[in-house]
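These are my notebook entries on one structure, written in the order in which I looked things up.

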Amino acid sequence: MTEFLQQLINGLALGAIYALIALGYTMVYGILRFINFAHGDVFMLGAFAGLFFTPVVERVFPPQSYSGGLVVLLLAMAVCAGLGILIEMLAYRPLRNRPKLTVLITAIGVSLFIEYTCQHRLVFGAAPRKFPDLIPVKTWNVDLLVISSTQVIVFVTTLLLLVILRFIVQKTRMGTAMRAVSFNEQAAALMGVNINSIISFTFGLGSALAAAGGILFAMSYASIDPLMGVQTGLKAFVAAVVGGIGNLPGAALGGLLIGVIETFAGGIPGLSNYRDGIAFTILIAVLIFRPTGLLSKPQVEKV
Amino acid sequence: MKRALNLWRGSLVLAPLCLALVVGCRPADGKKSDVIKIGEFASLTGKEATFGQSSHEGTVLAIEELNAAGGVLGKRIELLTEDTQSKAGEPATVVNKLISRDGVVGILGEVASSRSLEAAPICQQNKIPMVSPSSTNPKVTEVGDYIFRVCFIDPFQGTVMANFASRTLKATRVAIFTDVKSDYSKGLAKFFKDQILRNGGQIVAELDFNGGDKDFKGQLTAIKAANPEAVFVPGYYTDAALIAIQARQLGLNVPLLGGDGWESEKLTEIGKEAVEGDYFSTHYSAEVGSDMSKAFVANYQKRWQGRTPDALAACGYDSALVLVDAIRRAGSTEGAKVRDALAATKDFKAVTGTITINAQRDASKSAVILTIRDGQYKYLETIEP
């Protein structure tokens, strides 16, 4: 029982990070109907932004403090929001009216471009780096269970960001416009919605969440490298599809689900070497039995 | 028309220049026979970058010393190095390039067994002798009679660690955590397990991970539940450091044991206090050794900004010495002759010990066990084969 609960805690902490990244995939898909494969790399850039901001922030705030950690998080989110908007403007906007496949392949190109540029020794270099301890790390022992402060913070931050995101999408003018564009781009444009700025905003928001995911991931696992976004990004993408691509709560649910199942699989001897395959097995199963994902309803398309 | 004329005039000026360039190249081509080219493939960047860099620095030092002493067969040795980026697929590409485009007479590399295994068939096919500095999986030299190594192999290393766990640590309940992506890790785990069982110990949990993973908590929770007295983690340093951190976070506070894949300053840089008190086996320690190894440590520090050579640097150094010595004894750079000379290597004094190449083309040598104390590697004991 203890082992079960411990695995659940481990899984939820991992899943929370997948959820944050999955939200970015799903938001962009909801509006533009294509998968932004460079999203996992923005997640990586977020972690590296954190690495470079930490020494700067520590000059002003006490090292390893919650306030300092929060500032690093916000700075990384801001930088990545800017990068996300830039990527959209340079790579995707010129292809707005081309077939979706063209944009999709461009996204793969952007992803490879970021990964390999960052591996160059003049950029980040390919060797893994130690990520500094942003906040004081404590562990609590509840009976035989072990919970670390990092796990709690990861989970709380994710929940908080989810609530903020939901508020933005449901209650603000910007969110209303986003939903309008997602529903029908042309009609929204006719109603006076500035499509370009809405799309930029979506990319910025998604990339900021990816950066938050990157920082939380780096805080939990201490080592970061330019290819860290590949596998994690793929898993988060699977999470978005499992939950129902284009559906925000679905992405969060999918992320948690993948994280928990993966962790449990890791704990079973004989199954642990297939751990990375589990997410994709789930993806195949969902695509066969419920192609629209767990939470989204089948849509009727009028012809 | 006027433009065409200008172009014509321009080419008149350029023509003698081009000719001069072509002629200028000729003597350089002719000089080719004055150097002996040796190829090296190493993981200079990527996940196992510190391995490749250490090994490379050792090799470079050896080649420079050999050249300073007059080279080999009256010729200068030129070392051509290619980076494998710690990735599968790269070794085949770069070794093919070294052999077919650069025309090297011998290949040195790599540290990681999986990548040596990728390059070995290519060297074998082209009849170019290959000497691996520190790939310990037995399969590497089984590829063919052109493939050699200057280090011990995993059956020995696995046995050494198992005996250490049973006898020195008095651990009877042991868990194994293997990297299923790496031939090195799987080999080491197998031989470790066999020896533990032979010693009357018990394997309480066997779990796997994929090299490059970041989250190991699922597996470690299961290992903790099995209540082991020691955990064998035959992985590479990045993974080992993350495993140590997460093991401590989960309250799994038993010693972790590893192989030579652990030896990198990154292990302590990333692992910090989590790797304190853990143990691993490796090829050599700068703390003990012959006069030759003391001289090596001094020269290495002079050449590479005061860094202390680790075991992989020493193995990289030895691999170059052994190959060049074989070329000297063969009196030729012809593949088959160098191969025969390599196979006949006997009682060769090297930094990591006395090297004799056995019938399996492996070096039989002693291993040392190190522990981590205050962020430093401390020598514990030497174990003879």
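**Entry 1**

I began with B:D347, which is partly exposed because its relative accessible area is 46%. In this scale buried means under 20% relative accessible area, exposed means over 50%, and partly exposed is in between, with a 1.4 Å probe and protein chains only. I note that this is a predicted model, in which local features need pLDDT of at least 70, side-chain atom pairs count only at pLDDT 80 or more, and totals for chains, interfaces and linings use all residues. Residues are numbered from 1 along each chain as its sequence is written, chains are lettered from A and ligands numbered from 1 in the order in which they are written, and side-chain values use heavy atoms, with hydrogens and water left out.

I then read the backbone of B:D347 and found a positive phi of about 45°, although this residue is not a glycine. B:D347 sits in the loop between α13 (335–343) and β11 (348–350) of chain B. Helices (H or I, at least four residues) and strands (E, at least two) are DSSP runs, numbered from the N terminus.

B:R361 also has a positive phi, of about 65°, and is not a glycine. I located B:R361 in the loop between β12 (353–355) and β13 (367–373) of chain B. With a relative accessible area of 17%, B:R361 is buried.

Which two residues of chain B does a cis peptide bond join? I found B:G109 and B:E110, with omega at about -20°. B:E110 belongs to the loop between β3 (106–108) and α4 (113–126) of chain B. I recorded these cases because most residues other than glycine have a negative phi, and most peptide bonds are trans.

**Entry 1: Salt bridges**

I count a salt bridge when a side-chain nitrogen of Lys or Arg is within 4 Å of a carboxyl oxygen of Asp or Glu. By this rule there are 24 salt bridges over all chains.

I looked up the salt bridge between the side chains of B:R307 and B:E57, which has an N to O distance of 2.6 Å. B:R307 lies in the loop between α11 (291–303) and α12 (311–330) of chain B and B:E57 in helix α2 (residues 49–68) of chain B, so the pair ties together parts that are 250 residues apart in sequence. B:R307 is partly exposed at 36% relative accessibility, whereas B:E57 is buried at 11%.

Next I examined B:K266 and B:E269, whose closest N and O atoms are 3.8 Å apart in a salt bridge. These two residues are separated by about one helical turn, because they are three residues apart in helix α10 (residues 265–271) of chain B. B:K266 is buried at 12% relative accessibility, and B:E269 is partly exposed at 33%.

I also noted a salt bridge between B:D340 and B:R339, with the closest N and O atoms 3.2 Å apart. B:D340 is partly exposed, with a relative accessible area of 42%. Salt bridges that share partners join A:K235, A:E262, A:R275, A:D276 and B:D215 into one network.

Two packed helices are described by the angle between their axes and the distance between the axes. Axes are lines fitted to C-alpha atoms, for helices over the stretch in contact, and angles run from 0 to 180 degrees between N-to-C directions.

How is helix α1 of chain A packed against helix α5 of chain A? I found that α1 (residues 2–32) and α5 (residues 149–171) pack at an angle of about 30°, with their axes 9 Å apart. α1(A) is therefore roughly parallel to α5(A). Angles under 35 degrees count as roughly parallel, over 145 as roughly antiparallel, 65 to 115 as roughly perpendicular and the rest as oblique.

I then turned to α1(A) and helix α8 (residues 195–221) of chain A, which pack at an angle of about 165° with their axes 9 Å apart. This makes α1(A) roughly antiparallel to α8(A).

**Entry 2: Two residues of chain A**

I placed A:M77 in helix α3 (residues 66–92) of chain A. A:M77 counts as buried at 13% relative accessibility. From C-alpha to C-alpha, A:M77 and A:I268 are 36 Å apart in space, and they are 191 residues apart in sequence.
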